[in-house]
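Please load the model in your viewer and keep the selection panel at hand.

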Amino acid sequence: MTDATELYEHRLKRLKMRSMRRGIKEMDILLTAYADANLPAMDAAKLDLYDQLLHENDQDLYQWVTGQVATPSPYESLIEEVAQTHQNK
């Protein structure tokens, strides 16, 4: 998913921008708050998973975060963190 030559700082900036510019405003808000609070502390594997998550459809993401639909197993803990980040604000 990621370019092996991409600088860490550029990767964080790219992921932050993709978090902010979603298809629906609700996901912009949820993912931007999560990215602000968590991206710099993530290891490479978690950044890879988050990058994968950002390729998912916004309607699916919203249903997972709100608990309307079960989250697929690779994303369960990440979606739980996204939901908690917003609830803790």
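With which side chain does the side chain of Ser 19 make a polar contact? In this predicted model, the partner is the side chain of Tyr 50, at 2.6 Å.

**Stop 1: Ser 19**

Select Ser 19, which lies in helix H1. Its relative accessibility is 0%, so Ser 19 counts as buried. Then display its surroundings: leaving out residues up to four places away in sequence, Ser 19 touches Met 27, Asp 28, Leu 31, Thr 32, Ala 35, Tyr 50 and Leu 54. For a distance label, pick the C-alpha atoms of Ser 19 and Tyr 34, which are 15 residues apart along the chain and separated by 8.5 Å.

**Stop 2: the pair H1 and H2**

Select residues 8–20 for helix H1 and residues 25–38 for helix H2. Two packed helices are described by the angle between their axes and the distance between the axes. Here the axes come within 7 Å and cross at roughly 155 degrees. Angles over 145 degrees count as roughly antiparallel, and H1 and H2 are therefore roughly antiparallel to each other. On the H1 side, the contact is made by Lys 16, Ser 19 and Met 20; on the H2 side, by Met 27, Asp 28, Leu 31, Thr 32, Ala 35 and Asp 36. Coloured by class, this contact shows 4 nonpolar, 2 polar and 3 charged residues.

**Stop 3: Thr 32**

Stay in helix H2 and select Thr 32. Is this residue buried or exposed? Thr 32 has a relative accessible area of 18% and is buried, because the cut-off for that class is under 20%. The side chain of Thr 32 reaches the backbone oxygen of Asp 28 at 2.6 Å. Apart from neighbours within four places in sequence, Thr 32 is in contact with Lys 16, Ser 19, Met 20 and Met 27.

**Stop 4: Tyr 34**

Move along helix H2 to Tyr 34, which counts as buried at 1% relative accessibility. Not counting residues up to four places away in sequence, Tyr 34 touches Leu 39, Met 42, Lys 46, Tyr 50, Leu 78, Glu 81, Val 82 and Thr 85. A C-alpha to C-alpha label from Tyr 34 to Tyr 75 reads 14 Å, for residues 41 apart in sequence.

**Stop 5: helix H3**

Select residues 44–53, helix H3. At its start, a side-chain oxygen of Asp 43 reaches to within 3.3 Å of the backbone nitrogen of Ala 45. The buried residues of H3 are Leu 47, Tyr 50, Asp 51 and Leu 53. Seen down the axis of H3, these buried residues fall within an arc of 155 degrees, so they line one face of the helix.

Next, pick Asp 48 in H3, which counts as partly exposed at 35% relative accessibility. A polar contact of 2.4 Å joins its side chain to that of Arg 11. The C-alpha atoms of Asp 48 and Arg 21, 27 residues apart along the chain, are separated by 19 Å.

**Stop 6: helix H4**

Finally, select residues 58–65, helix H4. Its buried residues are Asp 58, Leu 61, Trp 64 and Val 65. Viewed down the axis of H4, the buried residues fall within an arc of 125 degrees, so they line one face of the helix. Asn 57 caps the N-terminal end of H4, with a side-chain oxygen 2.7 Å from the backbone nitrogen of Gln 59. Just after H4, Gly 67 takes a positive phi of about 80 degrees.

Technical notes:
Residues numbered from 1 in each chain as written. Predicted model: local features only at pLDDT ≥ 70, side-chain atom pairs only at ≥ 80, totals over all residues. Heavy atoms only, no water. Buried < 20%, exposed > 50% of the residue type's maximum accessible area, 1.4 Å probe, protein only. Helix = DSSP H or I, 4+ residues; strand = E, 2+ residues; numbered from the N terminus. Arc of directions from axis to C-beta. Polar contact = N/O pair within 3.5 Å; in protein donor to acceptor, adjacent residues only side chain to side chain. Axes fitted to C-alpha atoms, helices over the stretch in contact; angles between N-to-C directions. Parallel < 35°, antiparallel > 145°, perpendicular 65-115°, else oblique. Contact = heavy atoms within 4.5 Å. Nonpolar A, V, L, I, M, F, W, Y, C, P; charged D, E, K, R; others polar.
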